[in-house]
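Here's a quick tour of a protein model, meant to be read with the structure open beside you.

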Amino acid sequence: MIDEEDIQICLGSHEPLESRDGAVLPPVSQASFFRKRSAKELFEALQDEDREFVYSRGTNPTVRVLETRLAALERGEACKCFASGMAAISSVLASLLSSGDHVLFINNIYGPTLQLASMLEDFGIRHTAIQGEDVTDFEKFIEPETKLIYFESPGSMTFRLAPVSEIARVGKKRGILTCIDNTVCTPLFQKPLTMGIDISVHSLTKYVGGHSDAVGGAVIASCEILKKIFYRGYMLLGGALAPQNAWLFLRGLMTMPNRVLQHQKDALEVAEYLETHPRVVEVLHPLLFYKEETDFGYTGLFSAVIDVDSFEELCAVVDRLELFGKAVSWGGAESLVIPAFGFDDRHRPPGIPENLVRFSIGLEGASALIKDLSNALEKR
Ligand SMILES: *Cc1c(COP(=O)(O)O)cnc(C)c1O
C-alpha cells in the first residue's frame, strides 16, 4: 500500500505553480551563484547559507524543490541532497564524528560504506560491524565512545531486517544518534524518522531516479542535525548535487509510486518461482522471510543462492540470462544480475555464501523473466 498523500508529494500536487509559470516541473536553475541587490543583502544571505540562495555548492532552487519533496515523503523536517549516495553517507559520518568516537554498524552494510568506515580509522574514528544473530543483541556492542549507530534494514545482499524501533529506543535512551540507509525500501515503504530514527540517508541513483541516468544522494533529519551536516560535511567536502540531476530525480519521483509497486509484484513472483527451483538453494527476499508482516512494503531487489560448484559455473548461469543486464547498481526499468562476490573476494562478509547472486527486477514483466531464468538454470 502506498499512502495517497505520498503520491501527491511525488507529483508536487500542492506546490504553488506561480513560481514555475504553471509548468509541472520547476526549471533547471543552471547557475553557480545567485546575485543580490546590495552588499548588505549579500552578507545577510551569507549568514543563512543553508536557506538563502547564494552559491550552488550550498543551495540551488531546483535542488531545493527535490529536497522539499523528499523531506515531506519521510515526514522529516529537512533534507539535503548530494552528488551521490556515498557523498551523503560520508558527509553524515564526517559531520557528526570526531577523533576518539566509535560507530556501531548493524546488519549487512553496503560495501563502500564499510570501506569508508575503515578509512576513518586513519582519522581516529573506530567502528564495530555486527550482523547475523548479533543484530537483535546489538546493545552489548555499544561502547562509552559510541556516538552513532548506523544500520540498514533490510541489510545489503542478505535482506534481513534490523530491529528499527528497538535501535531508535536504545539510541534515545543512551543519547546516541541513529542513522539508517533507507535506499532499498524507498521513502514510500519505510519512514524511519516516524519510528524514532534520527537520520535517514538515500542513494537517489536507485528507485528515486529509476531510469539509470543519474547519480545522487540525500540526507533527511531534523533541522538541527541537518544544519550541522550542511556546514561541515556538505559544504566543506563539496558533494553538491547538480541542478540538472536534481531535475531528473524530480521527474523520477513522479512515477516512483507506480514503478515500485510493479517492481514489488514482479520481484515477488520471480522470487517465488526461484524458491521452487531445484537449482536454487535459498532465496533471500524480505517478503518471503517475513510473510506474516503484512504491512511491510518492499521493492524489487533480492538475492538467491545457486547450486553450483565453482565461480565459473555461477558466471555461466548468469551469462545465459538474456533479459538481465550484467551490471552494478539497481532500481531502473531493466532487470540486472550480479554475482555478489568472487569466490575468494576479501570483501565478502562472513556468513554470506560465495554462490550468491543479486537480482534487481525491472519492468520487463514477471513471466518473461521467469522464462529467461528457467532457460539459464536448466542447462548444466
Ligand atoms: C548504491 C547504494 C549506495 C551508494 O549510493 P551511490 O549513489 O552509488 O553513491 C548506498 N547505499 C546503498 C544501500 C546503495 O545501494
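Let's start in the middle: the largest nonpolar core has 46 residues, and Leu66, Leu70 and Cys81 touch the most other members. A nonpolar core here is a set of buried Ala, Val, Leu, Ile, Met, Phe, Trp, Tyr and Cys residues joined through side-chain atoms within 4.5 Å. Buried means under 20% relative accessible area, exposed means over 50%, and partly exposed is in between (1.4 Å probe, protein chains only).

Keep in mind that this is a predicted model: local features need pLDDT of at least 70, side-chain atom pairs count only at pLDDT 80 or more, and totals for chains, interfaces and linings use all residues. Residues are numbered from 1 along each chain as its sequence is written, and side-chain values use heavy atoms, with hydrogens and water left out.

- Who does Leu66 touch? Not counting residues up to four places away in sequence, Leu66 touches Cys81, Leu204, Leu241, Ala246, Phe249, Leu250 and Leu253. Contact means heavy atoms within 4.5 Å.
- Leu70 is found in helix α3 and is buried, with a relative accessible area of 2%.
- Leaving aside neighbours within four places in sequence, Leu70 is in contact with Cys79, Cys81, Leu204, Ala218, Ile220 and Leu253.
- Leu70 and Val201 sit 131 residues apart in sequence, and their C-alpha atoms are 11 Å apart in space.

**The two domains**

- The chain is divided into domain 1 (4-253) and domain 2 (256-378), with bounds that come from an automatic or database domain assignment.
- Taken over C-alpha atoms, the centres of domain 1 and domain 2 are separated by 27 Å.
- Across the boundary, 30 residues of domain 1 are in contact with 35 residues of domain 2.

**Helix α12, seen from its faces**

- Helix α12 (residues 366-378) has 13 residues and should span 18 Å at 1.5 Å a residue; its end C-alpha atoms are 18 Å apart, which agrees. The expected span is 1.5 Å times one less than the number of residues.
- The buried residues of α12 are Ala366, Leu369, Ile370, Asp372, Leu373, Ala376 and Leu377.
- Seen down the axis of α12, these buried residues fall within an arc of 160 degrees, so they line one face of the helix. The arc is that of the directions from the helix axis to the C-beta atoms.
- Why does a helix have faces like this? An α-helix has 3.6 residues a turn, so residues three or four places apart point the same way.
- The buried residues of α12 pack against α9, β8 (280-284), β9, α11 (311-320) and β12 (356-360).
- Turned away from that buried side, the other face carries the exposed residues Ser367, Lys371 and Glu378.

- How many disulfides does the structure hold? The count is 0, where a disulfide is a pair of cysteine sulfur atoms within 2.5 Å.
- The sulfur of Cys10 is 13 Å from the closest cysteine sulfur, in Cys79, so it is too far for a bond.
- For Cys179, the closest cysteine sulfur is also in Cys79, 13 Å away, and again too far for a bond.
- Cys10 is buried, with a relative accessible area of 0%, and Cys179 is buried at 0% too.

**Loops worth a look**

- Arg75 has its place in the loop between α3 and β1, and at 30% relative accessibility counts as partly exposed.
- Phi of Arg75 is near 60 degrees, a positive value in a residue other than glycine.
- Phe159 lies in the loop between β4 (146-152) and α6 (164-174), and its phi is near 60 degrees as well.
- Phe159 is buried, with a relative accessible area of 1%.
- Pro154 lies in the loop between β4 and α6, and the peptide bond from Ser153 to Pro154 is cis, with omega near 0 degrees.

Terms used: Helix = DSSP H or I, 4+ residues; strand = E, 2+ residues; numbered from the N terminus.
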